[in-house]
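Reader: I have a model open and a few things to check. Can we go through it together?

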Amino acid sequence: MSETTLSKSAQKNGAVENRSVRPSYRVESDKEAHKLFVAMPGVNKSGIEIALDGDALTVAGHRADPIPEGWRPVFSELGSHDYRLALRLNVDVDEDKIRANIEDGLLTLTLPVREAAKPRQISIT
């Protein structure tokens, strides 16, 4: 088994190795909304932060893998993970109507298109 990347002094002080992962995602669209599906296995509702700043959307999540008291890991490829996804939206989103839901490790964000940005038919007069 290989040594962790943490220094010996950091290990003695209780530091835990933390990995940051860019989650897999998919985007679906229709004329009413865009849906963003983000895979975040092991993350619950309280471990997710979603921010929209202008057209910059950031989704972050944290999965903790606590070790029961009295136990010590012998080998593990699990552990705490930080997920982070940053995307630029090239659409005008109605920020007040954004919805988010997480179920079975899949975060679903519904980003409704602002009325003014929806396609419309223009008649000739």
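Reader: Which side chain does the side chain of His34 join through a polar contact?
Author: That of Ser29, at 2.4 Å. A polar contact is a pair of N or O atoms within 3.5 Å; within protein, one must be able to donate a hydrogen and the other to accept it, and residues adjacent in sequence count only if both atoms are side-chain atoms. This is a predicted model, where local features need pLDDT of at least 70, side-chain atom pairs count only at pLDDT 80 or more, and totals for chains, interfaces and linings use all residues. Residues are numbered from 1 along each chain as its sequence is written, and side-chain values use heavy atoms, with hydrogens and water left out.

Reader: Is His34 buried or exposed?
Author: His34 counts as buried because its relative accessibility is 15%; buried means under 20% relative accessible area, exposed over 50%, partly exposed in between (1.4 Å probe, protein chains only).

Reader: Where does His34 lie?
Author: In strand E3. Strands (E, at least two residues) and helices (H or I, at least four) are DSSP runs, numbered from the N terminus. The C-alpha atom of His34 is 5.1 Å from that of Leu111, and 77 residues of chain separate the two.

Reader: Switching to the core. How many residues has the largest nonpolar core?
Author: It has 15, and Val59 and Leu107 are among those with the most contacts inside it. Such a core is a set of buried Ala, Val, Leu, Ile, Met, Phe, Trp, Tyr and Cys residues joined through side-chain atoms within 4.5 Å.

Reader: What about E5 and E6?
Author: That pairing is antiparallel too, over 8 bridges, with Gly61 opposite Tyr83 in E6.

How values were computed:
Two strands pair if DSSP finds at least two bridges between them.
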